[in-house]
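Let's take a walk through this model together. Have the sequence and the 3D view at hand as we go.

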Amino acid sequence: MSDTALELNPQGEAVSRIEVDQSAEWVVTIYWASSLFWLLMATLAGLISSAKLHSPDFLGGMEWLTFGRIRPVHWDTAIYGFGGTAASGTLLWLQARLCQTRIPFPKLLIAGGIIFNVGVLLGSIGVLMGQSTGVETLEFPLYAMPLLVIPYVFIVIANFRMYFTRRSSHTYVSQWYLMAVTIWFPILVVAAEASTNLGAVDGVAQAVANWWYGHNVVGLFATPTAIAAAYYLIPKVIGKPIHSYHLSLLGFWSNAIFYNWAGTHHLTGGPLPAWTITVGVVGSMMMFIPVITIGINHHMTMLGSFHLLKTSPTLRFAVMGSMVYTLASFQGSLESLRSHQEITHFTHYTIGHVHFGMYGFFAPLMFAMMYYAMPRLTGNEWSSARLIRIHFWCTLFGTALYAGAMCWAGIRQGQMMNDPAIPFLNIVAFTKPYLWLRTIAGLILFSGTIAFLINFIRIVQPHKLRFVTPTLLNTERDYKMLLKKESELKHNDK
Amino acid sequence: MTSRNIGLALGIFLTIAASVTGLVIVPNWQFRELQPVKKADGTQYPVPYFGEQLKGRGVYIDQGCIYCHTQQIRMKGYGADIRRNWGTRRSVPRDYIFEKPHQLGTQRTGPDLASIGSRQPSAVWHALHLYNPQITSPGSTMPRFNYLFTEMKDGDALPAGAFPADVVKIPAPLQTNGITQLVPNDRGKALIEYLRGLNKTFPLPEAAQ
């Protein structure tokens, strides 16, 4: 399908949705643009870390780039830089749309976004300079943390304001998740910082608090935001209501109750009383309830509409995200079992699982949000369907290769480590080819990010003209022609 | 409608309040009373870190050793930690009462270090291994920490503040660029002392169960 017709940009019409989107344009664009910047940085830091694990002399001998510094920078920029800003942009826009209100305090929120970025930057530089706190996922030096927490307070206030002044008469399931995120995240960060870096708790109790946080920052922050996005996007794009209201209620509360407790499986076999680990295993196994109910709700809603995956970029990313949610969650629950952990704990398997969840579930749903919302926020259409297709296939294949290679290598690595007859360095040698595959997977993901970035930079630029129809995956777009016509228009104006 | 809103917010709050209580507050209560035990020779185990070892622990943290090394031994029959000679007994909460922040770790890209000091007591081995892991462990993927050392050629004067006893000779076949000797700098020395001090072999009674 080729569509080259153009029309005048209709922004400014007094339609309620357009009004909401206009109030959100700057705020949400700044959050999402930041998220893509940090995704790029996190991917680069990840690539450097990955290369160092099979070729230790790559950028070797430089203290600030040593593996033990660039590796935490990779995860912290991914979870706070990319995850934090992508999720916050999503939260603000979704809540505004669902409440049918304008985004309140836009200047405050923009200032918050800038402060947050400064915080992530300072924290990362601090870690590269050797100022890490040494607590996993909370490595940022203490001076950077208020810069991450204070902007989030602005988001919490804006979220409550929208929710309690909403014009819509009912609440939608996505809104419960967004409310939950704003209540959970500040409590999580403050409790975790207090019990680790502020020194309220020592020794193994600190390890429990550390992994309560480490697991929940994904489970109570990234996951609920992505589920809220899936609940919104899938019915919206295919034009059907969600499969079952009652299931969504069960899914929400069981997720809220059980995920909280799952984190201690990161300490299986560790120097802790059995009850702390058992709680984590039970919490993880009970996660089958929300995962199955949410899965049924998303996949049953999709039933009969799979043909739309051919054309809708939003739907493709959203469905990839929701399917990997089911798979990665099943994997995660099983992984918590003691017999499973005996082999895979301490191995690359865990790393494979984290990336499967973050890049197979969370990131695609954030991308889906952006593909859906950015044309509505900016009034422009995506400039190239080919770049969207490249982004999608890179995301899918990169994640599959990453997770596949790391999980398989992890299982073998764990089995070999449990056999004391095999010298440790033989195990290191065994993993090397898989670590190379990981670097290749990282390069594929990196290419996808670049493709998305080009499209994103083009869509946020102000345009006098725009394509009449939305950019579907099979639409041929001629961005050069649009630029040419625009310059002609400018010329005529003179 | 308002009561439903409050119900939602309260429910959400309670779910996390429950896990904060269960996984942050209660474990702290359970372990807060743990004290060191007296050894037969009058000393105690464990002892708080101080001096060089404390400084070395800081280097361990700032170099991010935790991302590849654990400091915890799993019990007999669960994994092969003890059969791999990484420890003589499982680790227990009392081993960690002076760990702040904890460095239990979750990755074994490299071996466990809970008792590396008893396994590798030699300062020379640690110096060579940290300077260039290929010297002691060919095929290792550990980074070089060459910046924790002053490199010396034959005939070079000792760096200021170093003692002749600090000098480590690089074995002849592994010398490169004419560098024949090393002197660990302050941080290098501290890290080596910290690693040599890591020893969780003292048989605590509760670890025997």
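Predicted model: local features only at pLDDT ≥ 70, side-chain atom pairs only at ≥ 80, totals over all residues.

The largest nonpolar core holds 183 residues. Here a nonpolar core means a set of buried Ala, Val, Leu, Ile, Met, Phe, Trp, Tyr and Cys residues joined through C-beta atoms within 7 Å. A residue counts as buried if 20 or more other C-beta atoms lie within 10 Å of its own, as exposed if 12 or fewer do, and as partly exposed in between, with C-beta atoms placed from the backbone. Among the residues with the most contacts inside this core are Leu92(A), Trp184(A) and Leu365(A). The biggest giver is helix α6 of chain A (residues 203-238), with 24 residues; helices (H or I, at least four residues) and strands (E, at least two) are DSSP runs, numbered from the N terminus.

Residues are numbered from 1 along each chain as its sequence is written, and chains are lettered from A and ligands numbered from 1 in the order in which they are written.

Now zoom in on Leu92(A). Leaving out residues up to four places away in sequence, Leu92(A) touches Ala24(A), Val27(A), Val28(A), Ile103(A), Leu109(A), Ile155(A) and Ala158(A). Touching, or contact, means that two C-beta atoms, placed from the backbone, lie within 7 Å.

Next, find α8(A). Its buried residues, including Thr276(A), Val279(A) and Gly283(A), pack against α6, α7 (245-259), α10 (313-335) and α11 (338-344) of chain A, together with α1 (2-32) of chain B.

So how do the two chains meet? The contact takes 63 residues from chain A and 56 residues from chain B. On the side of chain A that touches chain B, α6(A) gives the most, with nine residues.

Finally, look at chain B by itself. Chain B has six helices and five strands, in the order α-β-β-α-α-α-α-β-β-β-α along the sequence. Its C-alpha trace spans about 85 × 50 × 35 Å along the principal axes. Of the 209 residues of chain B, 40% count as buried.
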